[in-house]
Amino acid sequence: MPEDRPPYPPFTQETALQKVQAAEDAWNTRDPRRVASAYTPDSMWRNRDRFVAGREEIVAFLTRKWERERDYALRKSLWGFHGNRIAVRFQYEWHDAEGQWWRSYGNELWEFDARGLMRRREASINDVAITGAERRIHGPRPLSEHGVDIPLR
């Protein structure tokens, strides 16, 4: 796995957008090892009420997450950036073992090292029950929709 992850900070509008789309694409693979490779070996996370440290804990966390959150599909939008930090908002949809669909809304704060690896991630997330008919995120984002903002509702 490469230990550099361009683009590198300090971010511009263009490179921040690239970083956000790359993160969305990776998370939509639902491959915990691929996702974890974008973080420093000692990366620190806060995800909801959980604290995670290092790549192996990230892999374990994501493995459990995607066992529980079935048919997970994510959209991220750039909220802001400065230097080596990026703020994003996101939504993802998934269903539980009983078939209930959920839309999860959240905000993330990211901090990167000089090699473009994320060393800190803080995520605040809320879940809203939806019906199957209310779904609007069906798998990874098509290329034609890259850069399109996500609606609030």
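Predicted model: local features only at pLDDT ≥ 70, side-chain atom pairs only at ≥ 80, totals over all residues.

User: What makes the peptide bond from P6 to P7 cis?

Analyst: Its omega: the bond from P6 to P7 has omega near 0°, and it is cis. P7 sits in the segment before α1 (13–28).

User: How do you know that the peptide bond from P9 to P10 is cis or trans?

Analyst: Omega again. From P9 to P10 it is near 5°, and that bond is cis. P10 is also found in the segment before α1.

User: What is the phi of R48, and where is R48?

Analyst: R48 isn't a glycine, yet its phi is positive, about 55°. You'll find R48 in the loop between β1 (39–47) and β2 (50–53).

User: Why is R48 called partly exposed?

Analyst: Partly exposed runs between the buried cut-off, under 20%, and the exposed one, over 50%. R48 has a relative accessible area of 28%, so it is partly exposed.

User: And what about D71: what is its phi, and which strand is it in?

Analyst: D71 has a positive phi, near 55°, and is a residue other than glycine. It lies in strand β3, residues 70–82.

User: Why does D71 count as partly exposed?

Analyst: Exposed would take over 50%, and buried would take under 20%. D71 is at 45% relative accessibility, so it counts as partly exposed.

Terms used. Residues numbered from 1 in each chain as written. Heavy atoms only, no water. Helix = DSSP H or I, 4+ residues; strand = E, 2+ residues; numbered from the N terminus. Buried < 20%, exposed > 50% of the residue type's maximum accessible area, 1.4 Å probe, protein only.
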